Amino acid sequence: MAIKILCVDDEAPIDMLMKQYFRRKIRSGEYEFLFARNGLEALAILYNNPDIEIILSDINMPEMDGLTLLAKVNEMRNPALRVIMVSAYGDMQNIRQAMNNGAFDFATKPIDMDDLAVTIEKAIEQIHFVHESQKEHTQLESLKKDLTTARDIQQYILPQVFPPFPEDTGLLDIYASMVAAKDIGGDFYDFFRIDADRIALVIADVCGKGIPAALFMAVSRTIIRSKGTQCDNAAECITETNRLLAAYSVDCMFVTAFYAIYNIKTGQLNYCNAGHNPPYLIKADGKTEELPMPTDVIVGAFDEIKYEECTMQMDHGDTLVMFTDGVPEAMNPDLEEFGTDRLCNILSGMADKCCKEIIETIKASIDNFAAGAEQSDDITMLVLKRK
């Protein structure tokens, strides 16, 4: 599109001078000139042509001079609009005032057209830069809006209703929380009923952060939930999930996962830990122990992996605390990590607490420890208690 240039001068010959000198750029559609005899006419033209981007204005004019016009233009707050002032060589005081008031550049009469052409080209370069900046700002605002929507969707797909199984509230307690480090996260938790006696529990951490991790998280959660309703044991579910994720993984993305099947009536927990942080078991008497470190590899990185299943008995009053690495790796301003020792000390006094109290206590302890330091990783927890 042509750059629109408004030439404001009470001397009519300036029209012909501009049209003659810039005739090639006018013919090629690069420049389009409009003309006004004073500041008042200029303002009317600007009102009807808001896409004007360069004003070439004389300072000394009747009815409204160039300095007043410049002040009116400044009130428009158009960051792309550039004003070039023109006056006699001896009128340096007014020229200096115009520059102090925000004029882009100036030219003296008689106008050196070659020099003016260079000045206009410089103004156009800055105008293009402003337009690109505005475009990028618009794109960033759009992306921010999309991220907000994606965050809401991500929170929506994670279970949010507690207690999740009202018919079994006398037998178990479940609570979970996910706090993303960015607008959207790569951690997720889930739980769902397999049959009348068994429920599935999963907590996982996708490598990376941001949009790619969030998309991989959604795919991983969908596959695990789908296979969890089809497979009879935890190892089979993770084996099948790995087969699918490894086949379609992009940029070597993977996920660590702890997947368990809990029998509501017997308290038996069959689980598979694929490279994830080992959960803690709080015994009814207050003793806290860490489950064995995982021997199975991460999910989605390698084909044809067969995962192993472990079995554990949860007694009445026992609580299983599952979490992602954002919990022990939370940092304070001195770059010190929260650590598993602090976590274990907190858990050792929470045997009689409900799952929500346990999670809220851990979150408060992390916030206090971090002392305002920026959260570097998603913080996700899932807690199950056998009543």
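Two strands are taken to pair if DSSP finds at least two bridges between them. Helices (H or I, at least four residues) and strands (E, at least two) are DSSP runs, numbered from the N terminus. The model is predicted, so that local features need pLDDT of at least 70 and side-chain atom pairs count only at pLDDT 80 or more, while totals for chains, interfaces and linings use all residues. Residues are numbered from 1 along each chain as its sequence is written, and side-chain values use heavy atoms, with hydrogens and water left out.

Strands β7 and β8 form a hairpin, with four residues between them. Strand β7 comprises residues 187–193 and runs antiparallel to β8, to which seven bridges join it. Within this pairing, Phe188 has Ala204 of β8 as its bridge partner. Strand β8 also pairs with β9 (residues 255–263), again in the antiparallel sense, over nine bridges.

The burial of β8 was examined next, where buried denotes under 20% relative accessible area, exposed over 50%, and partly exposed the range in between (1.4 Å probe, protein chains only). Strand β8 spans residues 198–206, and nine of its nine residues are buried, so the strand is largely enclosed by the rest of the structure.

Backbone geometry was then considered in the loops. A cis peptide bond joins Lys109 and Pro110, with omega about -5 degrees. Pro110 is placed in the loop between β5 (105–109) and α6 (113–157). A cis peptide bond also joins Phe162 and Pro163, and here omega is about 0 degrees. Pro163 lies in the loop that connects α6 with β6 (172–179).

Positive phi values occur at two residues described here. Glu63, although not a glycine, has a positive phi of about 70 degrees. This residue, Glu63, is located in the loop between β3 (54–58) and α4 (66–76), and Glu63 is exposed, with a relative accessible area of 68%. For Ala371, likewise a residue other than glycine, phi is positive and near 50 degrees. Ala371 is found in the loop between α10 (355–370) and β15 (379–386). With a relative accessible area of 54%, Ala371 is exposed.
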